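Trainee: I would like to work through this structure step by step. Can we take the whole chain and then a few residues?

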Amino acid sequence: MKEITTLVLIFCSSVLSLAQSEITGKVVDANSGTPLSYATIQLLQVKDDALITGGITDDNGDFSLEANPGEYYVIMDFMGYDQWQSDPFNLSEQKNYDLGTVQLQEGSNTLDEVVVQAEKSTMELSLDKRIFNVGKDLGNAGGSAVEILNNIPSVTVDVEGNVRLRGSNSVRILIDGKPSGLVSFKGGEGLQQLQASLIEKVEVITNPSARYEAEGMSGIINIVLKKERREGFNGSFETTLGYPLNVGGAANLNYRHKMINFFINYGINYRKTPSYTTVYQEVYRNDTTFISEQEYDGVKDGFDNNIRGGMDFFFNDKNILTASYLLSRSDGKRLTDLRYDDYVFSTDNLDSYTLRTQDETETEPISEYVLSYRSLFSREGHELNARVSYMDHWETSDQIYEQYSYFPDGTRDPNRDLYQTSLNDETEEQLLMQVDYVQPFAQEGKFEFGVRSSFRDMVNDYVVEERDENGDMQVLPGLDNKFTYRERIHAVYGILGNKSNKFSYQAGLRGEWTDIETVLEETLESNPREYFNFFPSVHLTYDLPADNAIQLSYSRRVQRPAYNDLSPFVTFSDNRNYFSGNPDLNPEFSDVYELGHVKYFDKGSISSAIYYRYVTDKILRIRRVNEQGFSITVPENLATENAFGAEFTSGYTPYDWWKLDLSFNFFRSIIDGTNIDEDFSSDTYSWLVRQTSRFTFIPTMDIQFRINYEAPMDTPQGSRKALYFFDLAINKDVFNEKGTITLNISDIFNTRIYRNIIEGDSFYSEVDAQRIRRQINLNISYRLNQ
């Protein structure tokens with residue numbers, strides 16, 4: 001019966017379509033000529049303004065609508081652009097109507113248009129990409145890039161600074177479309193140095209095409225820094241005061257006159273970041289249970305400076321040369337107090353306790369140079385982009401540890417006193433060259449081709465010394481070495497795409513040759529790796545009636561071990577719990593499938609997706625505890641992971657005074673680690689939800705409230721408990737709507753505590769950690785000609 005009904009509907013649709021005509025056109029950015037993908041197109045009837053049909057533009061900015069003969073007009077919308085409306089036109093039977101190329105204008109410099117631009121949505125949803133505009137989310141005021149990522153649907157940042165997308169930490173983080181030194185040594189934790197006031201938007205791509213580098217199995221997060229190209233002198237200024245202490249300021253300026261545009265961004269910030277961790281651990285040995293209660297109470301003083309400047313030279317409206325320079329410097333001081341209480345059998349039987357302090361001074365400057373060129377040819381969509389970038393990055397960390405042990409009655413045990421030092425110098429240099437070319441063909445087809453080469457060298461010189469009984473400093477065995485990492489990745493890709501009526505396709509193939517070598521110079525240990533891999537991608541899209549579209553996509557991805565995953569040097573701040581890399585790690589490979597849907601309607605949009613990810617050589621950190629109760633956590637390759645999930649993201653405005661954003665992600669992860677240990681396997685379900693409501697009770701004042709919840713989940717060695725927290729922000733326009741004051745309270749009730757249970761054959765551990773505490777920030781911003 002279902003098949004008969006389907007055939008009847010298809011037949012009726014075919015008969016009706018014989019009498020319909022087609023309206024076509026193309027939507028581009030008025031300044032750059034860049035096609036605007038997923039712009040909303042509405043066809044309305046002149047006599048009663050009734051909505052007849054609608055659709056969205058494809059990757060080339062093209063669209064087509066079908067309608068019966070009549071008198072119509074078209075309205076076009078795209079987030080952040082002025083609405084465009086056509087003149088009325090008559091559509092006759094069997095005769096198509098071409099609107100040509102429509103150029104949409106961004107919000108310009110008048111005060112009235114500033115008000116329009118201020119309504120720019122927090123989220124912009126499309127099939128292959130989601131864009132989150134930083135300035136519209138009140139919860140970002142006064143924060144850093146870490147807080148921004150924590151506010152993005154399906155993205156979380158854990159207690160160690162690891163960024164996760166859809167429950168996976170195998171995600172590629174880029175800044176302005178390229179790798180950055182901010183995440184080289186520290187991973188996501190390094191983003192704490194980048195102020196939110198310097199960031200324009202964040203792009204999340206969950207299943208990238210062959211155009212993008214193959215790194216990042218769960219997808220790519222691209223952080224786009226602010227940059228203006230408006231005529232004349234424009235800018236914005238911000239200042240922040242917060243508790244715990246957070247003092248900073250930023251300026252984003254540009255001046256454009258005819259062919260030349262100068263831009264500069266500067267941010268300065270001083271911040272105290274307190275953290276607190278507790279560990280309860282049981283170790284079983286010789287029919288005896290040894291119990292340890294551990295407390296870590298620390299604070300980091302961070303002084304960060306970021307400056308980025310550059311120039312655009314417009315040879316004409318189709319050829320642009322851009323040069324820019326970024327200098328980021330972070331100076332930090334970390335003081336940590338640690339206490340270990342050791343018991344036998346029960347916490348009523350104290351055996352001893354130990355006090356340890358960490359005093360760390362670190363300096364980290366990063367220099368990045370970028371030269372890019374863009375050429376737009378006479379045919380729309382025909383373009384060439386080239387870029388060369390160079391990064392010079394180093395970090396030095398000088399640490400002093402003092403440790404004193406005591407008997408249960410408080411008497412000091414001088415035989416167990418320790419005085420240790422750790423010196424860690426790291427350097428990184430990277431050269432990146434990339435060329436991308438797009439050649440349109442036929443009416444809506446295009447061919448893309450590109451090449452990319454990356455040269456990266458990193459060195460870590462590490463030594464730990466301890467004072468002996470004579471007062472002399474001696475190098476600890478195995479803790480003096482120089483680790484070098486050499487990486488060469490060369491890639492070439494091609495993509496072919498076209499559209500037929502409502503169906504469009506894109507098929508691509510990327511080839512990457514990887515040459516990596518790690519060396520421990522003191523012990524002459526070398527581990528070279530060379531491999532070549534193909535990474536295919538396929539994206540199939542079908543436009544449905546009434547502003548709907550679906551897309552089926554596939555891509556093959558890789559996650560190469562990060563630098564910290566390979567470096568064998570252990571962290572030494574905690575001499576009971578060590579973390580180390582593993583030079584023998586293999587890369588992860590994954591096959592990713594996704595079915596996505598997007599629906600646009602008058603009051604908002606909704607995006608949904610179901611996805612499946614199959615991973616081989618899954619990288620996961622494994623914790624082991626020895627007989628003394630000392631743990632070491634090392635990344636290892638587990639056999640496989642099967643991950644399934646469903647995701648829903650929506651932006652909706654039920655009333656003029658209420659804007660609602662909702663995201664929900666449900667996933668199942670099946671990890672097989674039996675290649676390491678029979679017990680290292682898990683099958684878990686989990687989900688996370690984030691809901692944001694923004695209320696505008698009076699025209700110049702907004703109130704925003706956010707709920708965050710991450711459900712518990714199992715891991716191969718235990719479980720992670722639920723996490724929840726609430727955020728509140730209030731802003732008020734001042735200075736004739738050229739300025740804004742924002743009060744932001746993140747984690748109102750101070751409940752953002754990461755709680756984990758880790759178990760093994762001979763141990764049981766409970767870890768509670770709070771690295772990001774409740775933060776209250778007052779932010780004042782002022783806009784000049786914006």
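Mentor: Start with a term: contact means heavy atoms within 4.5 Å. Keep in mind that this is a predicted model.

Trainee: Leaving aside neighbours within four places in sequence, which residues is T684 in contact with?

Mentor: Apply the contact cut-off, heavy atoms within 4.5 Å. Neighbours within four places in sequence are left aside. T684 is then in contact with F667, R668, S669, M713 and D714.

Trainee: Is T684 buried or exposed?

Mentor: Buried means under 20% relative accessible area. T684 has 3% relative accessibility, so T684 counts as buried.

Trainee: Which backbone nitrogen does the side chain of T684 reach?

Mentor: T684 lies in strand 34, which covers residues 681–698. Its contacts include D714. At 2.8 Å, the side chain of T684 reaches the backbone nitrogen of D714.

Trainee: Now N577. Which strand does N577 lie in, and is N577 buried or exposed?

Mentor: The strand spans residues 577–579 and is strand 29. The cut-off for buried is under 20% relative accessible area. N577 has a relative accessible area of 6%, so N577 is buried.

Trainee: Which side chains make polar contacts with the side chain of N577?

Mentor: Leaving aside neighbours within four places in sequence, N577 is in contact with Q281, Q294, Y296, T571, R623 and S631. A polar contact needs a pair of N or O atoms within 3.5 Å. Another, at 3.1 Å, joins N577 to the side chain of R623.

Trainee: Let's step back to the whole chain. How many helices and strands does the protein chain have?

Mentor: T684 sits in strand 34, and N577 sits in strand 29. For the protein chain, the secondary structure comes to four helices and 42 strands.

Trainee: What radius of gyration does the protein chain have, and why does that agree with a compact globule?

Mentor: The chain has 786 residues.

Trainee: Among contacts between residues at least 6 apart in sequence, what percentage join residues at least 24 apart?

Mentor: Take the contacts in the protein chain between residues at least 6 apart in sequence. Then pick those that join residues at least 24 apart. The share is 66%.

Trainee: What percentage of the residues of the protein chain count as buried?

Mentor: T684 counts as buried, and N577 is buried too. Of the 786 residues, the share that count as buried is 53%.

Terms used: Residues are numbered from 1 along each chain as its sequence is written. This is a predicted model: local features need pLDDT of at least 70, side-chain atom pairs count only at pLDDT 80 or more; totals for chains, interfaces and linings use all residues. Side-chain values use heavy atoms; hydrogens and water are left out. Helices (H or I, at least four residues) and strands (E, at least two) are DSSP runs, numbered from the N terminus. The radius of gyration is taken over C-alpha atoms; the globule rule is 2.2 Å times the number of residues to the power 0.38. Buried means under 20% relative accessible area, exposed over 50%, partly exposed in between (1.4 Å probe, protein chains only). A polar contact is a pair of N or O atoms within 3.5 Å; within protein, one must be able to donate a hydrogen and the other to accept it, and residues adjacent in sequence count only if both atoms are side-chain atoms.
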